[in-house]
Amino acid sequence: CYLYLINSLNIAQGKQVKHVDNPGITVNIIGGIVIKTMGLIRSPDNLENDVLIHPEIYLEVINKILILINVLALFFTGLICFRLTQKVELAMLLQYAPFVSWSTMKPLARVSPEQLLIFSSLLLIVLLIWIVEKNDLEKYSSQSRRITIFFAIVCGFGVATKLSFIPL
């Protein structure tokens, strides 16, 4: 967690990330935004000292923001799935999926890239449901291009989060 905090602090200060052999640039960017925002709210004399003196406060807020991102992703996954399929059971099943295994829930207890892998996976699920439900993409080449771009963005985000996203 502290590696992500220090990298996030570097991003918040406009410095280069020093620890690059660890995945999670997306976590670092979100952390940098949170640290910068908290710096405006807390208005310390020296942001760097404040983060180093009170790291748990900053880590807790970053973690809550990452959890909020997943909560919103779960909500919108269910909502979009229901709107596309008109099947409440399928929407609820997709929303329940991350809670099936403890190994999926365990990363939510700390700042880690795995939290954003859940988010990325939910985005992929929404895109796949969209393709299945709108299976007439051959007729609309502009829609095909748009979906390809969405897939590229989601896959790029997932890989920037952690390389283990590549098989998905």
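Student: Leaving aside neighbours within four places in sequence, which residues is serine 8 in contact with?

Tutor: Contact means heavy atoms within 4.5 Å. Serine 8 is in contact with Val27, Asn28, Gly31, Gly32 and Ile35, once neighbours within four places in sequence are left aside. This is a predicted model, in which local features need pLDDT of at least 70 and side-chain atom pairs count only at pLDDT 80 or more, while totals for chains, interfaces and linings use all residues. Residues are numbered from 1 along each chain as its sequence is written, and side-chain values use heavy atoms, with hydrogens and water left out.

Student: Where is serine 8 found, and is serine 8 buried or exposed?

Tutor: Burial is read from relative accessible area: buried means under 20%, exposed over 50%, and partly exposed in between, with a 1.4 Å probe and protein chains only. Serine 8 counts as buried because its relative accessible area is 1%. Its place is helix H1. Helices (H or I, at least four residues) and strands (E, at least two) are DSSP runs, numbered from the N terminus.

Student: Which residues of H1 are buried, and what covers them?

Tutor: An α-helix has 3.6 residues a turn, so residues three or four places apart point the same way. In H1, the buried residues are Tyr4, Leu5, Asn7, Ser8, Leu9, Asn10 and Ala12. Their cover includes H2, H3, H4 and H7. After H1 comes glycine 14, with a positive phi near 80°.

Student: How many helices and strands does the chain have?

Tutor: The chain has eight helices and zero strands. Its C-alpha atoms fill a box of roughly 60 × 30 × 30 Å along the principal axes. Buried residues are 37% of the 168 in the chain. Of the contacts between residues at least 6 apart in sequence, 60% join residues at least 24 apart.

Student: Which residues of the largest nonpolar core touch the most other members?

Tutor: A nonpolar core is a set of buried Ala, Val, Leu, Ile, Met, Phe, Trp, Tyr and Cys residues joined through side-chain atoms within 4.5 Å. The largest one has 23 residues, and Leu5, Ile35, Val51, Tyr58, Ile62, Leu66 and Val111 touch the most other members. Two or more residues come from each of H1 (2-12), H2 (25-42), H3 (47-53), H4 (55-85) and H7 (113-133). H4 gives the most, six residues. A second, separate core has seven residues, among them Leu127, Trp130, Val154 and Phe165.

Student: What is leucine 66 in contact with, leaving aside neighbours within four places in sequence?

Tutor: Leucine 66 is in contact with Val27, Ile30, Val111, Ser112, Gln115 and Leu116, those neighbours left aside.

Student: How many disulfides does a search of the whole structure find?

Tutor: A disulfide is a pair of cysteine sulfur atoms within 2.5 Å. The search finds zero in the whole structure. For cysteine 81, the nearest cysteine sulfur is that of cysteine 155, 19 Å away. Cysteine 81 counts as buried because its relative accessibility is 1%, whereas cysteine 1 is partly exposed at 34%.

Student: Which residues does leucine 90 touch, not counting residues up to four places away in sequence?

Tutor: Leucine 90 touches Cys81 and Thr85 on that count. Leucine 90 sits in helix H5 (residues 88-96) and is partly exposed, at 30% relative accessibility. Its C-alpha is 8.1 Å from that of glycine 78, twelve residues apart along the chain.

Student: What is the phi of serine 43, and where does serine 43 lie?

Tutor: Most residues other than glycine have a negative phi, and most peptide bonds are trans. Serine 43 has a positive phi near 40° and lies in the loop between H2 and H3. Serine 43 is exposed, with a relative accessible area of 53%. Glutamine 86 also has a positive phi, about 60°; this residue lies in the loop between H4 and H5 and is exposed at 55%.

Student: How many positive and negative side chains does the chain have?

Tutor: Lys and Arg count as positive and Asp and Glu as negative; His and the chain ends are not counted. The place of a charge is taken as NZ of Lys, CZ of Arg, CG of Asp or CD of Glu. Here there are 14 positive and 11 negative side chains, and the centres of the two sets lie 5 Å apart.
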